[in-house]
Amino acid sequence: MDNLTFTNSILLVEGLKVTPQSSQPVFILLLLAYVFTMVSNIGLIFLISTEKNLHDPMHFLFCNLPLNDILGTTVIMPRLLQDILRETSERNISYAECVIQAYFVHVFTAACHYVLMIGLTLRLSHCRYKIENPFCDNASLFKLSCENVVINNVYGLVYTVIVLSLSALCIFITYVKIATVCITSKNKALNSKAIKTCSTHLAVYLIMFVSGATFILLHRFPEYSDSRKLASIMFHIVPSGLNPLVYGLQTKEIRQKIIKNCWRKK
């Protein structure tokens, strides 16, 4: 069947392998995670945009993070929630929709380089119809082809290694500088704040780093498909849900405004 060229453009999304008994609990769990992510990120954007004393470069910079989290989560979660309640044979998506979803999934990760990735994929014909993932991404798309996809695999792996290496290097350098300041500084309050903020940030970063690297690399190993799916969901859900807590509540000005608004309502 893989050697045939399909004339229609309807693809079958494999999705998450859940039993009928567990589909509703899984749906509710993911729905709650999605709602929490959306409410917390939108709330953070609203707070920064409406409070005049938060209108400075640092807090506007914080707006980019929740906007990106909203985009990345919304691209996959609504359809994933629908597919959980559908029969496996009914999880259909058009090729055009799949390309659009894959594009925005990779915009969430890193915009410019993934445009080239999608371009390399679109040059391929597709002779398969099954998306071996809960959502569409570039690797899932080029797996639809019966052509030689060595270029796609090499580019994807090289880009992943470069991005992850540079990211880890930047984080390492940043934390070395922070540690140097903490060691040389005698301000206990400043050191305590730095340790508290950096530890939570590092935890979120490690979750994103490990899950992102895992699901990208495991695309090349079909026998670990279930582990790859779990890692891909974690990459989109966990950091997006934790970022408002890390970057919002850890910031004194934002935390004070949230407490003040809560007391005002009471």
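The paragraphs below go from the chain as a whole to its cores, helices, cavities and selected residues.

This is a predicted model. The protein chain contains nine helices and three strands. Read from the N terminus, the order of elements is β-α-α-β-α-α-β-α-α-α-α-α. Of the 266 residues in the protein chain, 42% are buried.

The largest nonpolar core has 17 residues, and the members that touch the most others are Leu30, Ile76, Met77, Leu80 and Ile233. At least two residues of this core come from each of helix H1 (20-50), helix H2 (57-84) and helix H8 (225-249). With seven residues, H2 contributes the most. Leu30 shows how such a member is placed: beyond its neighbours within four places in sequence, Leu30 is in contact with Leu16, Met77, Leu80, Leu81, Ile84 and Ile233. Another core lies apart from this one; it has twelve residues, including Leu11, Val13, Ile93 and Ile118.

Helix H3 covers residues 95-109, and its 15 residues should span 21 Å at 1.5 Å a residue; the C-alpha atoms at its ends are 21 Å apart, so the two values agree. On H3 the buried residues are Tyr95, Cys98, Val99, Gln101, Ala102, Val105, His106 and Phe108. H6 has 35 residues, and the 51 Å from its first C-alpha to its last is close to the 51 Å expected at 1.5 Å a residue. Buried positions in H6 include Asn152, Gly156, Tyr159, Thr160, Leu164, Ile171, Tyr175 and Cys182.

The structure has two cavities of 30 Å³ or more. The volume of the largest cavity is about 130 Å³. Which residues lie nearest the centre of the largest cavity? They are His106, Met117, Ala139, Ile216 and Arg220, out of 14 residues that line it. Helix H4 (111-122), helix H5 (138-142), helix H6 (150-184) and helix H7 (188-217) are the elements that give two or more residues to this lining. Sorted by class, the lining of the largest cavity consists of six nonpolar, six polar and two charged residues.

Two single residues complete the tour. Leu122 is in helix H4. Is Leu122 exposed or partly exposed? Its relative accessibility is 44%, so Leu122 counts as partly exposed. Leu122 and Phe142 are 20 residues apart along the chain, and their C-alpha atoms are separated by 8.1 Å.

Glu90 sits in the loop between H2 and strand E2 (92-94). Glu90 has a relative accessible area of 46% and is therefore partly exposed. In sequence, Glu90 and Val13 are 77 residues apart, while the distance from C-alpha to C-alpha is 8.7 Å. Val13 belongs to the core of twelve residues described above.

Terms used: Residues are numbered from 1 along each chain as its sequence is written. This is a predicted model: local features need pLDDT of at least 70, side-chain atom pairs count only at pLDDT 80 or more; totals for chains, interfaces and linings use all residues. Side-chain values use heavy atoms; hydrogens and water are left out. A nonpolar core is a set of buried Ala, Val, Leu, Ile, Met, Phe, Trp, Tyr and Cys residues joined through side-chain atoms within 4.5 Å. Buried means under 20% relative accessible area, exposed over 50%, partly exposed in between (1.4 Å probe, protein chains only). Helices (H or I, at least four residues) and strands (E, at least two) are DSSP runs, numbered from the N terminus. Contact means heavy atoms within 4.5 Å. The expected span of a helix is 1.5 Å times one less than its number of residues. On a 1 Å grid over the protein atoms alone, a cavity is a set of points where a 1.4 Å probe fits but cannot get out, and a pocket is an open set with protein on both sides within 12 Å along at least five of seven lines; lining residues have an atom within 4 Å of a point. Grid points are joined across faces, edges and corners, and a volume is the space filled by probe spheres set on the points. Ala, Val, Leu, Ile, Met, Phe, Trp, Tyr, Cys and Pro count as nonpolar, Asp, Glu, Lys and Arg as charged, and the others, Gly among them, as polar.
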